[in-house]
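Please look at the sequence and the model below before reading on. The paragraphs after them go through the structure one part at a time.

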Amino acid sequence: MAHSPRALQKMQHEADDIARDGGTPLLLTKDQLAAEGLNGEFYGALTTPVGFGLNPRKYLFGLARAASAAGVQLFQNSPAQKITAEGSHHIITTPAGTLRSDQVIIATNGYSSDDLPDWLSARYMPTQSTAMVTRPLRDEELQAQGWFSDQMAYDSRNMLHYFRLMPDRRFLFGMRGGLLSSPRVEQGIRRKLRRDFERLFPAWKNVETTHSWSGMVCLSRNLVPFVGPLPDNPGMLAGLCYHGNGVAMGSYSGRLLADLAQGKTPDLPYSPVMQGLSRFPFGRARRMVMPPAYALLGMMD
Ligand SMILES: Cc1cc2nc3c(=O)[nH]c(=O)nc-3n(C[C@H](O)[C@H](O)[C@H](O)COP(=O)(O)OP(=O)(O)OC[C@H]3O[C@@H](n4cnc5c(N)ncnc54)[C@H](O)[C@@H]3O)c2cc1C
């Protein structure tokens with residue numbers, strides 16, 4: 001969804017690129033958006049009719065059930081505290097016991113630690129994403145805003161918003177932001193989220209928020225996920241840095257990792273750009289540069 005006329009122009013170029021690569025992009029004007037039941041404070045939009053929305057919690061539980069049925073043992077509330085190499089094995093220490101393994105896959109994304117293993121130090125940037133949902137919207141409220149579509153969407157801002165009408169007619173609205181996980185920062189970002197929601201969907205100014213939550217997502221310096229073996233750490237692999245888009249990409253990466261851990265050549269496309277993870281400047285203090293960077297990006301928006 002274009003937040004400015006300039007963003008819409010950029011989308012035109014993007015549509016040309018997608019078409020050249022064999023995709024079927026669709027560029028919609030503001031009037032066409034309204035006719036599709038996607039009326040908000042936007043100048044137009046670009047869609048590629050691929051993919052669909054899902055409930056990530058149900059998806060996670062489905063994956064866990066499928067893994068358990070295949071014989072996988074899952075241990076919750078059992079953090080790896082230390083990983084040490086012992087010959088060709090790794091010893092993983094947890095509060096409840098130790099594991100011995102030939103292969104270890106690190107899949108901790110925005111919850112990673114700089115010393116698990118040391119190689120990860122400063123190579124990922126955890127950052128927060130915050131979402132809210134409203135109470136179910138009544139038909140007349142949907143009419144008043146002109147939004148009836150089930151299409152999920154996000155806008156073209158640097159500090160982008162993502163949103164969709166859920167099957168039970170609650171509206172989900174989220175954004176990047178809130179860099180530190182303190183209660184004060186959390187309250188601030190929730191207030192900003194609500195303000196932005198009311199600005200983009202003015203007909204719903206008086207519709208209450210019933211739930212809010214936040215969690216960590218993860219960025220890499222080259223803005224591409226990392227999937228592969230860790231240099232200098234034989235038998236150790238990782239998949240992380242999905243830039244807030246890990247629901248599909250995490251599963252894709254999981255399949256690549258499963259093949260790699262078994263010494264097979266992955267049967268999915270596995271781009272070389274996903275196989276390197278460079279360090280951010282400022283090491284452990286790297287998150288301190290984010291507030292001014294976010295402020296600047298917000299001002300540009
Ligand atoms: C509010 C919000 C909205 C989002 N919206 C979308 C969206 O619309 N679409 C999309 O694609 N993605 C979205 N994401 C991002 C998506 O949730 C992530 O990309 C995805 O969950 C990454 O999956 P993962 O399994 O790699 O990591 P996570 O789901 O973050 O799981 C990492 C796990 O590692 C565990 N862990 C950490 N340290 C240890 C340790 N030492 N030992 C053992 N376990 C450990 C953690 O407890 C956690 O369970 C959103 C995220 C948030 C927070």
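The text below covers the core, a sheet, the surface, the backbone and the salt bridges.

This is a predicted model, in which local features need pLDDT of at least 70 and side-chain atom pairs count only at pLDDT 80 or more, while totals for chains, interfaces and linings use all residues. Residues are numbered from 1 along each chain as its sequence is written, and side-chain values use heavy atoms, with hydrogens and water left out.

We begin with the core. In soluble globular proteins, nonpolar side chains tend to be buried together. A nonpolar core here is a set of buried Ala, Val, Leu, Ile, Met, Phe, Trp, Tyr and Cys residues joined through side-chain atoms within 4.5 Å. Buried means under 20% relative accessible area, exposed means over 50%, and partly exposed lies in between (1.4 Å probe, protein chains only). The largest nonpolar core has 23 residues, and those touching the most other members are Met1, Trp147, Phe163, Phe171, Phe173, Phe201 and Trp204. At least two core residues each come from strand 9 (161-165), strand 10 (171-176) and helix 5 (183-200). Helix 5 gives the largest share, four residues. Helices (H or I, at least four residues) and strands (E, at least two) are DSSP runs, numbered from the N terminus.

Three strands form an open sheet in the order 3-4-5, with antiparallel pairing; two strands pair if DSSP finds at least two bridges between them. Strand 3 (82-86) and strand 5 (97-101) are the edge strands, since each pairs on one side only. Strand 4 (residues 89-94) pairs with strand 5 over five bridges.

Leucine 63, a residue of helix 3 (residues 56-69), is partly exposed because its relative accessibility is 41%.

Now the backbone. Most residues other than glycine have a negative phi, and most peptide bonds are trans. Asparagine 77 has a positive phi, near 50 degrees, and lies in the loop between helix 3 and strand 3. The peptide bond from leucine 116 to proline 117 is cis, with omega near -5 degrees.

Last are the charged pairs. A salt bridge is a side-chain nitrogen of Lys or Arg within 4 Å of a carboxyl oxygen of Asp or Glu, and the count comes to 15. In one of them, arginine 20 meets aspartate 17 at 3.1 Å, N to O. Arginine 20 and aspartate 17 are about one helical turn apart because they are three residues apart in helix 1 (residues 5-20).

Which residue forms a salt bridge with glutamate 208? Arginine 135 does, with the closest N and O atoms 2.7 Å apart. This pair links distant parts of the chain, 73 residues apart. Arginine 135 counts as buried because its relative accessible area is 17%. Salt bridges that share partners join Arg135, Arg138, Glu140, Glu141 and Glu208 into one network.
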